[in-house]
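Have a look at the picture, and then follow the topics one by one.

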Amino acid sequence: MSALPVKPGLHHSVSEWCSNNQQLSATAQQERHISTVIRQEGRSLRNETNSQTTWDENNTSRRLNDRVWDVARWKNALETCAQKVDEEMEALTLSKEQTEQALAATAVPLEVSTECLTLREGRRGYELVTDPVDEQLKKEVELIERVQQVLQQHIDKAFEQLCVLQEVRHQLTTDLQNKMEALDIDKSCLSLTTKSPHISLKTNPTRIPSGSSTPQEWVQFSQYNVTRAHEAIQLSQQMREDMNLTQAQLQNELEAQRRATEFALRKRNHHEEQARDELAWQIKTTEDEMAEMERDIHGLDADLQAKTASLKLAHTRLETRTTRPGMDLCRDEVQHDLLNEVHQLEATITSLKQKLSEAQHSLQKMKLHHSRMLQDLSRKQEALNLEQRCMNTRSRLTSTSYTDKTAVLMIPLTNSSGRSNLQLLAQ
């Protein structure tokens, strides 16, 4: 009997077959269990994620709403602060302009004082004295120059403070603009929903943008801007108070010095008038004395001529009697009287000549001193005229007081307050 043909391939035993069937059943059960677990977990995950997503969306919306409120609150604070900065810039600009006008008003007093000093330098001789008027005028010039220096320092400080306020205002404006843009963005985000159009997936939206800040830094930045603005406002207010107080003090000093100078000028003018009148009286008295002296000189000269004639007579008699002859050439009483007369006449003539010389010398000295007094009187009159010109010049100070606000051509800062077109962006 021939052998049956065997089909090629791997043959398994019955036990292997049974084992395979059991394994398939077990695997099917296991996969079904796993599928059931996965389905249950998927359903749980769906419920959890739906709840979490809803919670997250609501929480994000709430936080967005809070953020919108915070940004709006800071926006209002920045707007209020910016308005205060604008008002302070206006006030400081006004104080600065008033100080500039006060500085310009000192030009006339300085010109007047300098002109008075120059006029009084025109005095001549002993009239060119360093008197209290000179001292007061020099003190006045020094005071005005110091006032100008102090006012200019206040103007420079006010200008610098205006620049600081401008910078602060610019920083507030920039922060305010950013707050408004951020507010619009957050409001737009708050209005979005899952059904809103134009929402889409973005590339790497979870990245941290460059230049990002923390909430603390965000608050500190705006707080710094507000605090800096308040400090600048307080400093500006203190500066305005100092400017007003300084102007009042300097005005009082200028007015007191003006009165002291004018009092010294009037007093000096009175003394010079007295000296002039006294000198004029002295000249008049000297002229009278000179006239008397000239008359006495003529009398002395006439007496001298008469005494010379008498001496000639006595000499002639003596000489003639020397021709008497013989014993008649006697030294009689006549001879003795003639000799005494000659000696007396010679002594008299000598005395008259000496007195005449003294009188002529005295007259010459009086004439010389008279000439000096006339010259000094002329200089005193010139000095009085100069003093009068000084008083007339200083009358400009009473007609235009230090406190008068004269119109001064000034080049203001950009719109003086410095806020030309810095309008609040919220408007």
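Cys116 is buried, with a relative accessible area of 1%; here buried means under 20% relative accessible area, exposed means over 50%, and partly exposed is in between (1.4 Å probe, protein chains only). This is a predicted model, in which local features need pLDDT of at least 70 and side-chain atom pairs count only at pLDDT 80 or more, while totals for chains, interfaces and linings use all residues. Residues are numbered from 1 along each chain as its sequence is written, and side-chain values use heavy atoms, with hydrogens and water left out.

- How many disulfides does the rule count? The count comes to zero, where a disulfide is a pair of cysteine sulfur atoms within 2.5 Å.
- A disulfide is a covalent bond between the sulfur atoms of two cysteines.
- Cys81 is in no disulfide, and the nearest cysteine sulfur, that of Cys163, is 18 Å away.
- With a relative accessible area of 1%, Cys81 is buried.
- Cys116 is in no disulfide either; for Cys116, the nearest cysteine sulfur belongs to Cys390, 4.2 Å away.

**Nonpolar cores**

- The largest nonpolar core has 24 residues. A nonpolar core is a set of buried Ala, Val, Leu, Ile, Met, Phe, Trp, Tyr and Cys residues joined through side-chain atoms within 4.5 Å.
- Val85, Leu92, Leu165, Val168, Leu172 and Ala229 have the most contacts inside this core.
- Two or more residues of this core come from each of helix H1 (14-105), helix H3 (132-191) and helix H4 (215-321). Helices are DSSP runs (H or I, at least four residues), numbered from the N terminus.
- H1 gives the largest share of this core, nine residues.
- Which residues does Val168 touch, leaving aside its neighbours within four places in sequence? Val168 is in contact with Val85, Arg228, Ala229 and Ala232, with contact meaning heavy atoms within 4.5 Å.
- A second, separate core has 23 residues, including Val112, Val133, Ile144 and Leu151.

**Salt bridges**

- The count of salt bridges comes to 33, where a salt bridge is a side-chain nitrogen of Lys or Arg within 4 Å of a carboxyl oxygen of Asp or Glu.
- One of them joins the side chains of Asp70 and Arg73, at 3.9 Å from N to O. Both residues lie in helix H1, three residues apart, about one turn of the helix.
- Asp70 counts as partly exposed because its relative accessibility is 24%. Arg73 is partly exposed too, with a relative accessible area of 40%.
- Lys75 and Glu79 also meet through their side chains in a salt bridge (3.2 Å, N to O). They are four residues apart in helix H1, about one turn of the helix.
- Are Lys75 and Glu79 buried or exposed? Lys75 is buried, and so is Glu79.
- In helix H5 (residues 333-399), Asp376 and Lys380 lie four residues apart, about one turn of the helix. Their side chains meet in a salt bridge of 2.5 Å, N to O.
- Lys380 counts as buried because its relative accessibility is 13%.

**A charge over a ring**

- Arg67 lies over the face of Trp218, at 3.7 Å from the ring centre. For a charge to sit over a ring, NZ of Lys or CZ of Arg must be within 6 Å of the ring centre and within 35 degrees of the ring normal.

**Along the chain and across space**

- Where is Arg124 placed? Arg124 is in the loop between helix H2 (107-120) and H3.
- Arg124 counts as partly exposed, at 39% relative accessibility.
- Not counting residues up to four places away in sequence, Arg124 touches Ser378, Arg379 and Glu382.
- Arg124 and Glu382 are 258 residues apart in sequence and 8.4 Å apart in space, C-alpha to C-alpha.
- Leu352 has its place in helix H5 and is buried, with a relative accessible area of 13%.
- Leaving out residues up to four places away in sequence, Leu352 touches Leu300, Asp303, Leu304 and Lys307.
- Ala91 is found in helix H1 and counts as partly exposed, at 22% relative accessibility.
- The C-alpha atoms of Ala91 and Lys312 are separated by 109 Å, and these residues are 221 residues apart along the chain.
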